[in-house]
Amino acid sequence: MLTSKELSQLDPKLLTGEPHFWPNPSRQPAELAFGSAPSPRSLVDDAASQWREFAPLLIKLFPELESSNGEIASPLLDLTGDTATGDPHALIKADHLLPLTGTIKARGGLFEVLGYAKRNAIEHSFLQPNQSLERLADPDVKAHFGRFRISTGSTGNLGYSVGLAARALGFQVEIHMSADAKSWKVERLRALGVTVIQHPGDFTAAVAVARESSQQDNAYFIDDEDSLTLFQGYSAAAIELADQLAAIKVDVSADRRLIVYLPCGVGGSPGGVAFGLKHIFGDNVYCVFVEPVAAPSVLLQVAVGDAKPISVYDVGLDNQTLADGMAVPAASLLAVRHIQHLVDAFATVDDASLLRRTRELWNAHHLRLEPSAVAGYEAFRALRDDPRRPGFYERASHLIWTTGGSHLPDIEFERLLFQADIHPDLRRKHI
């Protein structure tokens with residue numbers, strides 16, 4: 001629990017569950033912040049190198065990736081038309097269209113599964129250190145992998161990314177989820193041959209059980225709360241984005257900064273991306289983490305520091321949000337320790353706004369998104385009228401990171417659009 005003094009130092013809007021914008025007072029110039037981070041910034045370039053090594057194997061496992069040369073990459077979309085509303089021009093980094101999974105979690109989940117498979121095969125003499133990783137898709141290697149189990153705790157998207165890659169390689173897979181996980185996310189995992197175990201309680205409780213159950217021979221646990229490998233996999237997305245911005249001649253400089261809006265749950269994926277962006281662009285990029293008003297776990301942890309873990313329950317919030325990918329009560333301390341001095345600001349958003357933006361982006365731009373995925377767009381719109389927004393807001397380029405939605409079943413997406421139209425007081429009841 002927090003002391004009364006610690007509580008008094010928090011923004012009252014945080015404690016009452018109101019949407020708000022919070023510039024990070026712990027933010028430091030990038031060079032200084034990297035100097036105190038637990039990992040060197042070179043992990044970003046190393047991640048890109050590893051992704052290139054994985055590409056031939058990914059093509060062999062998933063032939064649909066041949067057209068992209070085995071890259072797990074998403075398009076950069078131009079969000080035209082909003083200038084009429086008075087908004088600055090914005091771009092969409094469309095991770096909801098990532099191949100295979102349609103979620104940013106592929107960047108971390110696939111990266112860690114493939115890395116573990118490589119290490120396992122070398123350890124058991126199925127792969128020579130300099131041999132092509134295509135060897136890992138051979139039947140005898142897959143049969144060997146079948147003796148091992150990979151597990152993780154997930155709200156759905158990380159579990160699917162881990163399950164898809166691990167099952168393609170022949171591993172047994174066990175995914176632990178909270179009891180309120182979306183049923184369609186549970187069923188698509190089971191369709192892959194994944195064992196899904198649901199637990200009472202929230203995401204943190206499911207992760208704890210998953211961690212405990214992995215303490216067995218031939219088991220490997222992917223820890224969404226404490227995995228540097230996941231964090232590193234996400235970081236390479238910044239290099240991909242930098243190349244895309246250069247291709248369309250978007251200048252990122254002190255005169256025209258880039259503001260990036262990143263949906264945030266436990267903190268690993270936005271943390272990895274932000275770490276990579278700061279590595280490339282330094283202080284010319286301004287990173288805003290966006291969280292639900294009921295579950296601002298990373299904001300809270302950054303606000304009180306990394307000395308002890310803290311939960312949203314400790315400040316009277318309930319972690320109840322329809323943005324299931326962001327419904328986590330406690331932050332990843334690993335992520336916080338990497339980005340607490342790098343992230344520039346936080347914004348919190350409410351469910352009603354997420355529903356409204358889900359419909360708005362579908363109607364205006366035909367973007368099929370989960371509520372979690374529209375969080376960045378809501379923050380982008382909200383900052384327009386916030387007096388604490390950065391002074392360069394109008395002159396900046398704006399980039400909204402999306403994740404999740406393209407794989408939503410039609411009935412689930414239609415249900416979200418329906419909820420956006422009914423009375424606000426009924427929204428949570430019917431979701």
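The second largest pocket of this predicted model holds about 360 Å³ of space. Of the 16 residues in its lining, Ala-48, Trp-51, Glu-71, Ala-236 and Glu-240 are the closest to the centre. By class, the lining of the second largest pocket comprises eight nonpolar, three polar and five charged residues. Here Ala, Val, Leu, Ile, Met, Phe, Trp, Tyr, Cys and Pro count as nonpolar, Asp, Glu, Lys and Arg as charged, and the others, Gly among them, as polar. A pocket is an open set of points on a 1 Å grid over the protein atoms alone, with protein on both sides within 12 Å along at least five of seven lines; a cavity is a set where a 1.4 Å probe fits but cannot get out, and lining residues have an atom within 4 Å of a point. Volumes are the space filled by probe spheres set on the points, which are joined across faces, edges and corners.

As the model is predicted, local features need pLDDT of at least 70 and side-chain atom pairs count only at pLDDT 80 or more, while totals for chains, interfaces and linings use all residues. Residues are numbered from 1 along each chain as its sequence is written, and side-chain values use heavy atoms, with hydrogens and water left out.

The largest cavity contains about 270 Å³ and is lined by 25 residues, with Ile-104, Lys-105, Ser-269, Gly-325 and Thr-403 nearest its centre. At least two lining residues come from each of α7 (157-168), β8 (258-263) and α12. The lining of the largest cavity divides into ten nonpolar, ten polar and five charged residues.

Helix α12 itself spans residues 268-281; helices (H or I, at least four residues) and strands (E, at least two) are DSSP runs numbered from the N terminus. Its 14 residues reach 20 Å from the first C-alpha to the last, close to the 20 Å expected at 1.5 Å a residue, where the expected span is 1.5 Å times one less than the number of residues. Of these 14 residues, 13 are buried (under 20% relative accessible area, with exposed meaning over 50% and partly exposed in between, for a 1.4 Å probe and protein chains only). Just after α12, Gly-282 takes a positive phi of about 60 degrees.

Positive phi values also occur in residues other than glycine: Asn-69 is near 55 degrees and Lys-249 near 60 degrees. Asn-69 sits in the loop between α4 and β2 (76-79) and is exposed because its relative accessible area is 57%. Lys-249 lies in the loop between α11 and β8, and its relative accessible area of 72% likewise makes it exposed.

Arg-381, by contrast, belongs to helix α16 (residues 375-383) and counts as buried because its relative accessibility is 9%. Its side chain makes a polar contact of 2.7 Å with that of Glu-360. Such a contact is a pair of N or O atoms within 3.5 Å; within protein, one must be able to donate a hydrogen and the other to accept it, and residues adjacent in sequence count only if both atoms are side-chain atoms.

Finally, the count of disulfides (pairs of cysteine sulfur atoms within 2.5 Å) is zero. The sulfur of Cys-264 has its closest cysteine sulfur in Cys-287, 12 Å away, so the two are too far apart for a bond. Cys-264 is buried at 0% relative accessibility, and Cys-287 is buried at 0%.
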